[in-house]
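Here are my notes from a pass through the model, as numbered points. Have the structure open while you read.

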Amino acid sequence: HEETAPEGYPKAPDSKVVLKKDGSLDEEKSDVTEADDGTLLLTEPEETYEKQILRVDPETGEALDGAVLQLIDEDGTTILHEWTSSSETPEILKGLKPGRTYTIHEKTPPKGYPQLPDRKLVLKEGGSLDEEKSDVTEASDGTLLVTEPEKPEPEKTFNKKIFRVDPENRKPLPGAVLQLIDEDGTVLKEWTSSDKTPETLEGLKPGRTYTIHEKTAPEGYPKTPDCKLVLKEDGSLDVEKSDLFEDEDGTLLLTEPETAPKNGSFELTKTIKGDVTEEEAEGSLTFIIKAGNGKYLSKDGKLVAEEKNAVLTLKDFSHNEGTNKYILKITTGETGKYTVTETTKDIDGKTVTAKYTTTVNGNTSEQKAGKNASVEIKAGKACSVAYENTYKNTTKEKTYKIRVLRIDPKTGKPVKGAVLKLIDKDTGKVIDTWTSTDTPHTVEGLEPGHTYIIHEESTPDGYEPAPDFTVTLDENGAIDKARSNVVTNTEGVILITKPKDGDEEEEGSKPEEEDDKPVVKPDDDGKADDKDKDSSSSSTSSSSTSSSSTSKSPRTGTSSTSTKSSTTTKEYTSKGAETGDDTNAAIPAATALAALMAILLLRRKKKQQNAE
């Protein structure tokens with residue numbers, strides 16, 4: 001019993017001490033431990049944990065009944081616990097110490113299952129499973145799962161064809177007796193070469209060093225010295241570790257080693273198209289060729305450690321002036337896989353699209369978008385990467401907008417529900433379609449000098465269809481009145497309506513010379529003065545003239561002749577009448593009536609003159 005604990009330590013719980021007959025400590029019945037010299041050691045009890053455990057199916061993960069399992073201590077003999085597995089309730093293993101290696105032994109497997117090999121169980125401090133040291137797994141809730149170990153994946157093997165060939169013309173030679181020898185010296189295969197059919201070497205493992213031994217040379221040829229054969233993980237020849245080389249179709253070629261090519265050929269091609277000068281392109285493009293070992297291939301075919309010493313520019317390429325193609329050829333003995341990366345600097349006002357193809361011994365890949373291309377340089381083989389960049393100007397011409405309002409021809413108030421379209425006169429393309437409201441509709445993106453048609457596709461009940469109007473904007477975005485026949489208010493809003501019958505004249509009639517005479521204007525109350533009415537009998541307005549025009553309806557495709565009020569020079573006020581009705585840039589009713597009265601007085605005067 002510890003009456004008082006040492007400073008800084010908790011009190012140890014009461015600990016049992018039981019000795020055996022020979023005076024040694026009975027560890028199973030005691031809570032203290034014994035040093036090598038027999039001294040008893042009292043300390044706080046070691047922290048232990050409880051873990052749930054299930055025997056499960058290796059494929060479905062479902063818990064299995066009937067397995068008799070044992071928990072064995074790390075001495076390999078002491079059975080700490082034995083139980084029979086249940087599919088419903090996991091077994092609880094108590095008193096597990098962190099860092100201690102336990103063994104789960106399956107004494108009897110579940111029915112229909114093979115017996116498990118012994119599985120190791122080690123816990124970390126804190127009670128979680130030490131997965132690196134354990135053969136069991138842990139579920140998300142901490143339950144230990146015991147099952148058969150995963151079957152190892154079958155080892156990769158490859159089959160390779162091989163010819164014995166003439167060192168100069170590479171033609172297959174018959175009559176050579178050859179052996180394939182494993183790296184431990186075992187002869188795996190012996191065969192006689194043919195000049196027609198290559199021999200197949202089966203079951204070759206990647207990374208393993210084989211030897212091709214020529215037991216008997218072809219007639220008239222010297223014996224080839226032993227040649228090493230090593231394959232990469234993908235089954236291709238590891239030319240750095242092998243003494244033979246590989247044909248285009250993957251066939252191995254065995255010949256005298258001094259005739260086997262050591263260098264590979266790499267060609268980088270750059271084609272430049274579009275809106276860019278040679279100077280702009282040459283100043284914006286660089287290339288890097290990076291090897292799989294992290295080094296960089298320079299233009300002279302050597303590997304260098306620092307990227308800055310291997311940066312390629314178009315000045316390193318051969319190029320004929322006036323052409324758009326640049327070519328760089330590199331011959332190197334540094335065979336292997338490389339990544340070619342193109343870097344493009346921004347050019348103001350231009351966008352660039354990069355594509356590339358790769359070619360190996362004449363076989364060209366499909367063109368792909370991007371700036372990174374992978375290629376393998378092989379001894380005795382040619383490969384290339386061809387980039388194609390297309391530049392396009394992004395600077396756009398200025399565009400402008402118009403505002404359009406459908407109004408009542410009598411009241412000048414906005415009309416809702418009319419379906420209107422803006423159509424490109426040259427192409428017939430519909431630029432915008434909208435339904436009129438009580439506010440002007442805005443159409444943006446209109447090009448200066450381009451003529452557009454404002455067409456009323458659908459007219460609200462109670463109104464007559466408005467005729468087609470044309471509008472052209474000048475270079476400053478203002479309406480080109482010489483090329484347009486639209487009416488605007490003082491705020492520049494285009495007003496769309498059907499001219500009143502009183503505004504139209506008989507076809508073929510000619511207007512009087514009235515251009516310099518005043519237009520009847522309303523007073524502040526929206527009504528015309530009597531003085532203005534009297535003077536209007538001898539005055540005219542440019543708005544009273546009429547013109548006959550023929551337009552093609554976008555709805556029917558037929559031509560129709562209509563007499564429109566030539567009001568292109570007239571501007572309307574956007575102020576409401578005395579009632580305070582704000583029509584949002586519409587013609588007040590009083591203004592429209594005053595204008596109509598002026599027109600009627602003019603027509604009466606003309607009739608009187610005709611009668612006289």
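1. Let me start with D182, which is buried at a relative accessible area of 11%; buried here means under 20% relative accessible area, exposed over 50%, and partly exposed in between (1.4 Å probe, protein chains only). Its salt-bridge partner is R208, at 2.8 Å from N to O, where a salt bridge is a side-chain nitrogen of Lys or Arg within 4 Å of a carboxyl oxygen of Asp or Glu. D182 sits in the loop between β12 (177-181) and β13 (187-192), and R208 in the loop between β14 (199-204) and β15 (210-216), so the pair ties together parts that are 26 residues apart in sequence. R208 itself counts as partly exposed, with 24% relative accessibility.

2. Some housekeeping before going on. This is a predicted model, in which local features need pLDDT of at least 70 and side-chain atom pairs count only at pLDDT 80 or more, while totals for chains, interfaces and linings use all residues. Residues are numbered from 1 along each chain as its sequence is written, and side-chain values use heavy atoms, with hydrogens and water left out. Strand names follow DSSP: helices (H or I, at least four residues) and strands (E, at least two) are DSSP runs, numbered from the N terminus.

3. How many salt bridges does a search of the whole structure find? The count is 22. One of them is R55 with E106, whose closest N and O atoms are 2.6 Å apart. R55 is in strand β3 (residues 49-55) and E106 in strand β7 (residues 102-108), so this pair ties together parts 51 residues apart in sequence. Both ends are hidden from solvent by the accessibility test: R55 is buried at 0% relative accessibility, and E106 is buried at 1%.

4. Next, E456 and R406, a salt bridge with its closest N and O atoms 2.5 Å apart. E456 belongs to strand β36 (residues 451-458) and R406 to strand β32 (residues 400-406), so to speak distant parts of the chain, 50 residues apart. E456 is buried, at a relative accessible area of 1%, and R406 is buried at 1% too. Shared partners also join R55, E106 and E148 into one salt-bridge network.

5. β36 turns up again in an open sheet of 4 strands, ordered β34-β33-β36-β37 with antiparallel pairing. Its edge strands are β34 (430-435) and β37 (469-472), each pairing on one side only. On average, neighbouring strands in this sheet are turned by 25 degrees against each other, direction ignored; axes are lines fitted to C-alpha atoms, for helices over the stretch in contact, and angles run from 0 to 180 degrees between N-to-C directions. β36 and β37 share 4 bridges in the antiparallel sense, with Y452 opposite V471 in β37.

6. Last, the core. The largest nonpolar core has 27 residues, and F266, L268, I272, I289, V340, V385 and Y387 touch the most other members. Such a core is a set of buried Ala, Val, Leu, Ile, Met, Phe, Trp, Tyr and Cys residues joined through side-chain atoms within 4.5 Å. At least two core residues come from each of β19 (264-274), β20 (285-291), β25 (325-332), β26 (336-344), β30 (372-377) and β31 (382-393). Leaving aside neighbours within four places in sequence, V385 has contacts (heavy atoms within 4.5 Å) that include F266, L268, V340, A373 and V375.

Key:
Pairing = 2+ DSSP bridges.
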